[in-house]
Amino acid sequence: MESTQPKSVPPCPFTKLYPSQLIRDEAFFMKLAYNQAIDAWKAGEVPIGAVIEYEGQIIGADHNRVESTQDPTAHAEILAITQAARHRGDWRLNGARLFVTKEPCPMCSGATAMARISHVYYAHTDPKMGCLGGASSIHQLPQLNHHMEVTSGVLEEECRELLQAFFALKRIESKR
Ligand SMILES: [Zn+2]
């Protein structure tokens with residue numbers, strides 16, 4: 001559902017990507033996460049999106065909803081993980097892959113490990129708060145039983161530009 005643009009955020013200058021359904025590679029799923037991030041922007045949220053794929057099927061897709069829910073845990077990854085677990089009727093998401101437009105924060109990095117996600121792909125690193133290689137590496141805790149693959153850099157420029165533009169335009173808006 002497309003939501004109307006709230007006044008508190010500048011209009012989104014980016015358009016959604018429409019990847020070919022025939023080539024379901026990493027970029028395909030990240031483009032869907034990117035589209036979720038655009039929906040977040042249009043809903044007045046920080047533009048971060050996440051998609052969870054399992055056996056070629058999307059079983060979770062959402063974007064950041066911290067503002068609309070006033071819930072600090074309503075990050076894209078958490079919401080997508082909840083959907084995916086509900087879809088499978090199992091909290092264990094072994095074999096599932098999560099695609100997110102920015103490196104997960106401490107909470108979401110922890111959640112991906114707790115959910116036993118097999119592979120996390122993120123577009124760009126967050127050197128301040130990222131916990132899958134950026135600021136820290138939760139997935140490499142020596143006592144962690146679950147082994148998780150992590151890949152960064154998928155659709156990196158597009159996702160970084162979207163997030164940086166959001167904050168840059170918001171700063172300009174707030175000075176008016
Ligand atoms: Zn998070």
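This is a walk through the structure above, from its sheet to its helices and then to a few single residues.

The model is predicted, so local features need pLDDT of at least 70 and side-chain atom pairs count only at pLDDT 80 or more, while totals for chains, interfaces and linings use all residues. Residue numbers start from 1 along each chain, following the sequence as written.

Five strands make an open sheet in the order β2-β1-β3-β4-β5, with mixed pairing; two strands pair if DSSP finds at least two bridges between them. At the edges stand β2 and β5 (149-152), each with a single partner strand, so one side of each has no neighbour in the sheet. On average, neighbouring strands are turned by 15 degrees against each other, direction ignored. For such angles, axes are lines fitted to C-alpha atoms (for helices, over the stretch in contact), and angles between N-to-C directions run from 0 to 180 degrees.

Five of its six residues are buried, so β1 is largely enclosed by the rest of the structure. Here, buried means that 20 or more other C-beta atoms lie within 10 Å of the residue's own; 12 or fewer makes a residue exposed, anything in between partly exposed, and the C-beta atoms are placed from the backbone. On one side, β1 runs antiparallel to β2 (residues 57-63), joined by six bridges, and G49 stands opposite H63 in β2. The two strands form a hairpin with two residues between them, and E55 in the turn has a positive phi of about 50 degrees. β1 also pairs with β3, again in the antiparallel sense, over four bridges; there I52 stands opposite L98.

Touching, or contact, means that the C-beta atoms of two residues, placed from the backbone, lie within 7 Å.

Now to helix α5 (residues 156-175). Its 20 residues reach 29 Å from first C-alpha to last, close to the 28 Å expected at 1.5 Å a residue; the expected span is 1.5 Å times one less than the number of residues. Which residues of α5 are buried? They are C159, L162 and F166. These cover an arc of only 55 degrees around the axis, which puts them on the same side of α5, the arc being that of the directions from the helix axis to the C-beta atoms. An α-helix has 3.6 residues a turn, so residues three or four places apart point the same way. The other side of α5 carries exposed residues, namely E157, E161, Q164, A168, R171, I172 and K175.

What covers the buried residues of α5? The cover includes α1 (26-42), β3 (97-102) and β4 (119-124). The axes of α1 and α5 come within 11 Å and cross at roughly 10 degrees.

Finally, some loop residues deserve a glance. Most residues other than glycine have a negative phi. Q70, not a glycine, has a positive phi of about 50 degrees; Q70 lies in the loop between α2 (66-69) and α3 and is exposed, with 8 C-beta neighbours inside 10 Å. R116 is likewise not a glycine and has a positive phi of about 60 degrees. Its place is the loop between α4 (106-114) and β4, where R116 is partly exposed, with 17 other C-beta atoms within 10 Å.
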